[in-house]
Amino acid sequence: MNAPTAIENFAPFGEAQGPMLSGPFAPLADESEYTDLPLLKGSIPADLNGVYLRAGPNPRFVPNGRYHPFDGDGMVHAAEFRNGRLTVRNRWVRTDAWQEEDAAGVATHWGIRDTMMGRTDKPMRDAANTDLVGHAGKVLALWYMAGDAYVIDPINLETLGKQSAIASTGGKISAHAKVDEITGEMMFFDYGNQAPYMHYGVVGADGELKHHVPITLPGPRLPHDMAVTEHYSILHDLPLFHDHEAMKLGRHKIDFHPELPTRLGVIPRFGRSDEIRWFDFTPCFLYHTINAWEDGDNIVMVGCRYMPAQHADGSIDAQRTAKNIAELVMTARLWRWTMNLKTGAVKEQCLDAEHNVEFPSCNAALMGRRTRYGYLSDQHATSALQWNGIRKYDLETGRSLSAWTDDVDHSWYSEPWFAAADNAQSEDHGYVIAFQFNAATKRETLDIFDARDLSTGPVAQISIPRNIPTGFHGCWVSAQRVARWNAST
Ligand SMILES: [Fe+2]
């Protein structure tokens, strides 16, 4: 076990900084690497080889103004599996903001609650803290509000710079770019406050920009995710956007508009701007898709529909919906949207009305192809971002196939990510990996489940000697993929 590397100029955080910077959210003060950690249950599977990476906010300095988890400096936590041996590492993403503040010794940027992108008196921090995507030999750290794509070494977590293909567009990239692991292409979008309000692009397996087109939206919007099929990409125009009056005053306030539809735009993978076709659905916000695929003339997208808050009479409570979204109160149901490219017909269906599920993954090697299984976080409590369990679904029927909850009141699971076994023989032949923090015992573990049946509990549980702050999204990069990347360079 190696000693953590202390970072100088780190101001300690505590309860006084508020609930989003203490308890399960308490930021770490250092970067570290641990091997041969105590095994609490089972054994690390020999056919699990690769690295699970997870991004999250970890402010280095006491924040300026009001803090929101989207503001914290991005930190990557990694669990690398190599022949039954585990190494756990954490490292900050060296963003421009991180480096500037490193030199200043104090926070010089502001968060989303107090400023707007583009203000020079209160520069907003592009924190690269939201999502990680394995592509073209490296991992990209991305930010939800569209920022730069920071290139990370998947093994030592070193920041290698900014992805040049994205930088060459003159624009940005949102979190939740999608990689087609069969072709090696990465599809991405950005969004912002200036017309046309969105762009869509494709980066090839070689890391070069292959396609980039403007997508005109009715106004500035706040999409969060996208989806891809083998031949199409699905972009989101959601009825959630900034309060324009507040925006003029430089404040970040969002409104939900139940009078507007949710629109899904289907564009050929290399389509022109005018080839996008929009399909209208019932109004909702939508954080995360699970996957999408083609079924004859139909485009099918499965995801987690954010359920708008309701008044007592069943009508949508727009104000409370916007407030809940802003405060990361997640209320979502497994949902399927279907669009017929020939007839224009649409259909949407709740697949499971009972469970509040989010932070999904599937077998990412099949992104854009029909997948039968999804692995989602399961929320029983109401604390923002507290996921108490993990649920496996049949995405065709919405039937829960298995689920696991350890300690309903105190468990905080990270996004459960599917990692295929070496030489996997079926879609769900592999493992589901998640960090778990128990707020009562202050115990952090890495839990590994057999993806074929979560209900038997972790097949391996490893003690982590410190908390891993609650965060956002992860990815799995298999050892074979790393080897392929290394061989091609
Ligand atoms: Fe997200």
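Which strands do the buried residues of helix 4 pack against? They pack against strand 17 (240–242), strand 18 (254–256), strand 21 (285–295) and strand 22 (298–306). Welcome to a predicted model, in which local features need pLDDT of at least 70, side-chain atom pairs count only at pLDDT 80 or more, and totals for chains, interfaces and linings use all residues. Residues are numbered from 1 along each chain as its sequence is written.

**Helix 4**
- Helices (H or I, at least four residues) and strands (E, at least two) are DSSP runs numbered from the N terminus.
- In helix 4 (residues 318–326), the buried residues are Thr-321, Ala-322, Asn-324 and Ile-325.
- These residues cover an arc of only 160° around the axis, which puts them on the same side of helix 4; the arc is that of the directions from the helix axis to the C-beta atoms.
- Just after helix 4 comes Leu-328, with a positive phi of about 60°.

**A hairpin**
- Strand 13 (residues 197–203) and strand 14 (residues 209–216) run antiparallel, joined by 7 bridges; two strands pair if DSSP finds at least two bridges between them.
- Tyr-197 stands opposite Thr-216 in strand 14.
- The hairpin has 5 residues between its strands, and Gly-207 in the turn takes a positive phi of about 85°.

**Val-88**
- Val-88 lies in strand 6 (residues 85–92).
- Val-88 counts as buried because it has 23 C-beta neighbours inside 10 Å; a residue is buried if 20 or more other C-beta atoms, placed from the backbone, lie within 10 Å of its own.
- Not counting residues up to four places away in sequence, Val-88 touches Tyr-34, Leu-37, Ala-78, Ala-79 and Ile-464; contact means C-beta atoms, placed from the backbone, within 7 Å.

Technical notes:
A residue is buried if 20 or more other C-beta atoms lie within 10 Å of its own, exposed if 12 or fewer, and partly exposed in between; C-beta atoms are placed from the backbone. Two residues are in contact if their C-beta atoms, placed from the backbone, lie within 7 Å.
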